[in-house]
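Reader: Can you walk me through this one? I would like to go topic by topic.

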Amino acid sequence: MSTPSERTVSVNGHACRVLEKGSGPVVGYLAGLVGLPAWTPFLDELARDHRVIAPSLPGFPGATGHEDLDHLIDWVAATLDLIEAAGLAGEDLIGASLGGCLAAEVAALSPRSVGRLVLLAPLGLYDDAAPVPHLWAKKSGELNQELCEAQDVLQPMLAAPEGADPVEWKIELSRAAAAGARLLWPMCDLGLEKRLHRVAAPTLILWGDRDRILDPRVYPGRLAQGIRGPVRQAVLPGAGHLLDLDQPVAAAAAVREFLADATTRQAA
Amino acid sequence: MKFLWFHLMPYMGLPENFTEKYRSVWVDIDRGLFDPVEAHRMYNDFLDEMEFAAEVGFDAVCVNEHHANAYGMMPSPNIMAATMARRTKDAAICVLGNSLALYNPPIRVAEEMALLDLISGGRLIAGFPVGSPMDTCYAYSQNPNMVRDRYYEAHDLIMKAWQADGPFDWNGRFNKMRNVNVWQRPVQEPHPPVWIPGGGSVETWEWCARRDYLYSYLSYFGYKMGRKTMAGYWEKVKEVGKDPNPFRAGFLQFVGVAETREEAIKLYREPAEYFYNRCLHVDPRFTGPPGYLSETSIRANLGSQVAAAANAAQDRYAGVLATAANTMEGFLEKGYMVIGSPDEVAAQLREMAVELNVGNLMVLLHYGNMKKDVANYNTQMFAEKVAPQLRGLFEDKWENHWWPKPLAAAERAYPQPFLEAAE
């Protein structure tokens, strides 16, 4: 894989890295629970015929500033800032896991900031019938084991890259966990459901059939039900919560098909 | 030197196979393990033990706060302190303390502590721990990223509430309030002495030193493990330009006194092993929520063995997890407990107090599944044969500014005797 280009934007005075690759229609990507420590095969697939722009959320690898964000509204505002600074305002947006939670909120609260929406197992909902497990009441390393099937992809991503200071790398990863906890703790309902009716964007909801964090039998339907805009759903076999890590080709194919479909393009 | 009688109030009926069969003593401990009738008896025995300690002359009795925890059964230390306020006469009442981030709004702490000071006639020590991850983040679902910040804001609000001239508004980051008016002021002016039971963070040491709060290190692992922490504290005190007054510091120590060391080992073996094995069966799933430790602390832990050892105080359970001593012989070898004849105990405590430079010593004389008669024996032996040997330590050179200043005897009100007693 050729490496993506890298630039920096400022959100609340903090530097946030933006990775970019490919040419074609623009699509944004907000990463999940571990952030984007490295460019992924899924993004490379999309980059074949899209310009993929992946900004890092505050606190996640490549970005600081999570300590300024106390409430969900602060996170949503920061995500809007990030989207605008990265050149994604009004563009199609993919949000995975934690990134999906914020992508959905942005689509609900600032519809013009987003084109079409792709949600890959977004966090933020809570169903008593299938409670979200407590992500951080686990033994060390256990959460990462449960995030996806492709541990052979995830673990190398989490290892310090060649030449990186191992202490600083560990700090970046623990910072990402802290940022995730800052937004999500204690993993109950963030109120997204109350606002889903405001999501008018044509939306693709993808889930992995082996998601151990958000039950695929419960959450996709619940999410789809709340969204006002036209919704497509699919469940990918052999994929866990970080479904784009587990099934990059199938996930990218589903996303590209959705984005290529002229009928889903939002009216100008 | 001052001696405080510290109770944890552990559940004494955890089964022998507790560590094999059950995952955790804290947070998600099995509800089936709790027997209300047994607990009724335990709580009353514990309170008897504390009152006895006060009667035989301990300078203070201490309570603390834990939630969903079988080794410390006081989710409300203020309730325990309230009964002490009525059932003790002269002993100070050390609430060590209210875990500030868990009180909403924080002025409840100001109010309840004021009540304790008022009812007791000015005998309260106001302790403010940050609170362990287990209590704050898991039992009470506080966001680990915010616990410390909430704590500092709560502290500021409480201190203002005690000293304000009139009602005030508080437009804080976490607390937004109008007309704050904690009308009941403590007896002690400007406020009761503030004690901070802390871990090993440099920030806490500096904060205590600057504000002239007492810093106490509550270690279950004895003073060998406490050395680095206390040395770090005293270095900060010096840096900040304050005097090395030993009464600026507190330390917790397990003690077992009998006529001879052999007798003491025999008498206190079972409760000690119960405590270190069953009580400290803490599940590592709950000890390190992301965001609880500052990046500075994490960096220190990663970067240096020495810093990591010092920061073991941040997670006091690191001691038992790392050392795995689980018999009395092990506890003694590693220095967790001070066990022996009165003279042996006094000598060891003197050495500890001098080396750590601590003038306020909290002693754990009840621990594990210790029965009341044994606890009272330990208490009486300590009060009669150990404390007198050490009382004068530091007193000639230093004044204890961190001790309550109660009303004079003539101004005090005492509970009326029960009618039966009067007849």
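Author: B:Lys236 counts as buried, at 12% relative accessibility. Buried is under 20% relative accessible area, exposed is over 50%, and partly exposed is in between, with a 1.4 Å probe and protein chains only.

Reader: What am I looking at, and how are things numbered?

Author: This is a predicted model, where local features need pLDDT of at least 70, side-chain atom pairs count only at pLDDT 80 or more, and totals for chains, interfaces and linings use all residues. Residues are numbered from 1 along each chain as its sequence is written, chains are lettered from A and ligands numbered from 1 in the order in which they are written, and side-chain values use heavy atoms, with hydrogens and water left out.

Reader: Which residue forms a salt bridge with B:Lys236?

Author: B:Glu206, with the closest N and O atoms 3.3 Å apart. A salt bridge here is a side-chain nitrogen of Lys or Arg within 4 Å of a carboxyl oxygen of Asp or Glu.

Reader: Where do B:Glu206 and B:Lys236 lie?

Author: B:Glu206 is in helix H7 (residues 202-211) of chain B and B:Lys236 is in helix H8 (residues 222-240) of chain B, so the pair ties together parts 30 residues apart in sequence. Helices (H or I, at least four residues) and strands (E, at least two) are DSSP runs, numbered from the N terminus. B:Glu206 counts as partly exposed, at 25% relative accessibility.

Reader: What does B:Arg227 pair with?

Author: B:Glu355, in a salt bridge between the side chains at 2.3 Å, N to O. That pair links distant parts of the chain, 128 residues apart: B:Arg227 is in helix H8 of chain B and B:Glu355 in helix H14 (residues 342-356) of chain B. B:Arg227 counts as partly exposed at 34% relative accessibility, and B:Glu355 counts as partly exposed at 40%.

Reader: And B:Glu273 with B:Arg269, how far apart are they in helix H9?

Author: They are 4 residues apart in helix H9 (residues 261-279) of chain B, so about one helical turn separates them. B:Arg269 is partly exposed, with a relative accessible area of 28%. Elsewhere, salt bridges that share partners join A:Asp70, A:Arg182, B:Asp149 and B:Arg173 into one network.

Reader: How many salt bridges over all chains?

Author: A search of the whole structure finds 41. Between chain B and chain A the count is 3.

Reader: What area is buried between the two chains?

Author: About 1,700 Å², of which carbon and sulfur atoms give 58%. Buried area is the accessible area (1.4 Å probe) that two parts lose on being put together, summed over both. In contact terms (heavy atoms within 4.5 Å), 18 residues of chain B meet 21 residues of chain A.

Reader: Switching to chain A. Is A:Thr79 buried or exposed?

Author: A:Thr79 is buried, with a relative accessible area of 0%. A:Thr79 lies in helix H2 (residues 72-85) of chain A. Leaving aside neighbours within four places in sequence, A:Thr79 is in contact with A:Leu30, A:Leu57, A:Leu102 and A:Val106. The C-alpha atoms of A:Thr79 and A:Leu57, 22 residues apart along the chain, are separated by 7.0 Å.

Reader: Where is A:Asp92 found?

Author: In strand S5 (residues 91-96) of chain A. A:Asp92 is buried, with a relative accessible area of 13%. Not counting residues up to four places away in sequence, A:Asp92 touches several residues, including A:Val26, A:Gly115 and A:Leu259.
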